[in-house]
Amino acid sequence: MGRAVTVATCALNQWALDFEGNLERIFRSIDIAKRKGARYRLGPELEICGYGCSDHYYESDTLLHSFQVLEKLLESPATQDIICDVGMPVLHRNVRYNCRVIFLNKKILLIRPKISLANGGNYRELRWFTPWSKARHVEEYFLPRIIQEVTGQETVPFGDAVLATKDTCLGAEICEELWAPNSPHIEMGLDGVEIFTNSSGSHHVLRKAHARVDLVNSATAKNGGIYILANQKGCDGDRLYYDGCAMISMNGETVAQGSQFSLDDVEVLVATLDLEDVRSYRAEISSRNLAASKVNPYPRVKVNFALSCPDDVAVPTCVPIQWRHHSPEEEISLGPACWLWDYLRRSKQAGFLLPLSGGIDSSATACIVYSMCHQVCLAVKNGNADVLADARRIVNDETYIPQDPRELCKRVFTTCYMASENSSQDTCNRAKLLAEQIGSYHINLNIDAAVKAVVGIFSVVTGRTPRFSVYGGSSRESLALQNVQARIRMVIAYLFAQLTLWARGMPGGLLVLGSANVDESLRGYLTKYDCSSADINPIGGISKTDLKNFIQYCIENFQLTALRSIMSAPPTAELEPLVDGQVAQTDEADMGMTYAELSVYGKLRKIAKAGPYSMFCKLITMWKEICTPREVASKVKHFFRMYSANRHKMTTLTPSYHAENYSPDDNRFDLRPFLYNTSWSWQFRCIDKQVNAL
């Protein structure tokens, strides 16, 4: 009688519509699983086509190519003698479903459609798929001819069923179903399912990993059982970074943990577990057994195959482990770095260019690139041939071996300090010193000639010359002069990104990195089409508070002492004239609010779904020790005026790494108008009425 089952799950760096690469990575994961003795292999959600296909799901080509990949998997000897569970879109009776296709030895056992679709935040699954609404119901699915020719099957079961092997029972969940209040694993567990599987396409958000781990462990804590979770990893073509964390849990405890951030395209976890531990755990939970005696049974697909061996008494089984979580600073160091590496290698560019101002935001961005170089060198040291091949192609040197992060940084990272007459020597020195410490190829240049030329054109045409407010100009003149400087920096950044390597006798171009943080974007404290406009932005979803903590982390872990003076300096745009050679302009004074306040506004606006009146009501309690109700009202009104007046800037926001749940990303996460009535007359009147009552 078999007791010890050996199962495998994986985290794969799939790429939307990269059918060739996706197939190769699936094959590699199956091969690793088999070599480690697994009899069942679980993969991520929609792994065949890649999760992020978006509106490409509408195309018949996506369905066709997914079945062509499935055909390759079915007919390959590599998939023999192991139950393979893969994800792909399937059209059933002219309705498109997000499915698991489970097969064994050239036979499809079950196609299981997703029941609960993810449709909040960054997810739009209801746009492309329909949820399967027929609980515990199975229909016949007529296979395409290319699959019939391999399997010899005309139809296969399609629907909400479980697999009954010779030694146990398996039931599938798909991503969101774990997070749903009525998760299928509850009823499946009561019906005797002992192994639950979950194929996910779950992306990284700061401080989110523990929630996923807790959900998996709690799934089997009350009901007993084995829970196997697979997840996508990497950047599959957009703003999201899927953060792996494949795991296996039994009876409420983690027994195998995968990495959250890694440059390995294929990571496979294998665990051997004793089914009798599940059965004995369940035996003493009387409330569970009473509920189980009344459960409505699931259709069972019988499988003439076992996940265990007949004589397995001496087979060692896995024991519980303690999950190790990253700190938020480690997450910032690793997640965006891995996302940048994927973007760099898949875009086939030769590196990055960053306008480095000597402030916290651009310095944090530089540190993330430096962390990326650390990860590349570490991966090569650990024998990752894929990373080595990509590094050699990026630097155009077939013999190159990246060993020193600073030396790699010199090859792939260009930083540029763009001085104007309003720049201080302090920021110039800070930028230069940081560039020296991380090893980037650093450029110092002055933009004054270009600024004067552009302003000169205006003066020739209009006969008027704008002046800064300190020289008697109006606020409109002063703002226009600041914006000219900012926008010229963007133009120069792209010029140097295209031609710097050419000037150095090297092939290729550079991706321009932006460095506006999530709080500044929310407030609109940036010039439209300035250096916030770039190809990608690794910190666009990260708050100023978290970036400061990350800078401190880099000082301690990377020994980047140049960051100390950057940390202590007040944030400034340096767009207005200096006073006695010193910076007179500061970001928080310009904004009329602190970065700490901005984070609070952002979380209340997006996460707590608070409009002006609700935000005021919450803040008079939160800030009762530091502000009067009238002061709170003034702050809330100022925020909403500035937010709404500048919302149009979000329509052109550089694609940013998604790391925070209050991101104002207009692309698909935070959908709002961009032309507001900025007086908010009705809303503000409600606030005023409440202030007077208080």
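Modeller: Let's start with a term: a salt bridge is a side-chain nitrogen of Lys or Arg within 4 Å of a carboxyl oxygen of Asp or Glu. Before we use that, note that this is a predicted model, where local features need pLDDT of at least 70 and side-chain atom pairs count only at pLDDT 80 or more, while totals for chains, interfaces and linings use all residues. Residues are numbered from 1 along each chain as its sequence is written, and side-chain values use heavy atoms, with hydrogens and water left out.

Biologist: Okay, so how many salt bridges does the rule count?

Modeller: The general idea is that side chains of opposite charge can pair when their charged atoms come close. Here the rule gives 37 salt bridges. One of them joins Asp265 to Arg345, with 2.9 Å between the closest N and O atoms.

Biologist: Which residues are linked with Asp265 in a network of salt bridges?

Modeller: Asp342, Arg345, Asp390 and Arg393 are linked with Asp265 in that network.

Biologist: How is the chain divided into domains?

Modeller: Bounds like these come from an automatic or database domain assignment. The division gives domain 1 (4-302), domain 2 (326-446 + 501-570) and domain 3 (589-693). Taken over C-alpha atoms, the centres of domain 1 and domain 2 are 37 Å apart.

Biologist: How many residues of domain 1 and domain 2 are in contact?

Modeller: Contact means heavy atoms within 4.5 Å. On that basis, 22 residues of domain 1 touch 20 residues of domain 2.

Biologist: And what area do domain 1 and domain 2 bury between them?

Modeller: Buried area is the accessible area (1.4 Å probe) that two parts lose on being put together, summed over both. For domain 1 and domain 2 that comes to about 1,700 Å², with 56% of it on carbon and sulfur atoms. On the domain 1 side, Leu206, Phe261 and Leu263 lose the most area to domain 2, together 39% of what that side buries.

Biologist: What about polar contact between domain 1 and domain 2?

Modeller: A polar contact is a pair of N or O atoms within 3.5 Å; within protein, one must be able to donate a hydrogen and the other to accept it, and residues adjacent in sequence count only if both atoms are side-chain atoms. Between domain 1 and domain 2, eleven residue pairs qualify, both partners being at pLDDT 80 or more. The rule also finds three salt bridges across this interface.

Biologist: Let's go inside the domains. Are Arg100 and Asp85 buried or exposed?

Modeller: Buried means under 20% relative accessible area, exposed over 50%, and partly exposed in between (1.4 Å probe, protein chains only). Both Arg100 and Asp85 are buried, and their side chains meet in a salt bridge (2.8 Å, N to O). Arg100 sits in strand E4 (residues 95-104) and Asp85 in strand E3 (residues 83-92), so this pair ties together parts 15 residues apart in sequence. Those labels are DSSP runs numbered from the N terminus: helices are H or I with at least four residues, strands are E with at least two.

Biologist: Which residue forms a salt bridge with Arg239?

Modeller: Asp665 does, with the closest N and O atoms 3.6 Å apart. That pair links distant parts of the chain, 426 residues apart: Arg239 is in the loop between strand E11 (226-234) and strand E12 (242-243), and Asp665 is in the loop between helix H23 (629-646) and helix H24 (681-693). Arg239 counts as buried because its relative accessible area is 17%, and Asp665 is buried at 10%.

Biologist: And where does Glu45 lie?

Modeller: Glu45 is in the loop between strand E2 (40-42) and helix H2 (60-75). At 1% relative accessible area, Glu45 is buried. A polar atom of the Glu45 side chain lies 3.1 Å from the backbone nitrogen of Gly201. Leaving aside neighbours within four places in sequence, Glu45 is in contact with residues including Tyr51, Arg100 and Lys114.

Biologist: What is the phi of Leu46?

Modeller: Most residues other than glycine have a negative phi. Leu46 is not a glycine, yet its phi is positive, about 50°. Leu46 lies in the loop between E2 and H2 and is buried at 1% relative accessibility. Ser54 also has a positive phi, near 50°, and lies in the loop between E2 and H2. With 22% relative accessibility, Ser54 counts as partly exposed.
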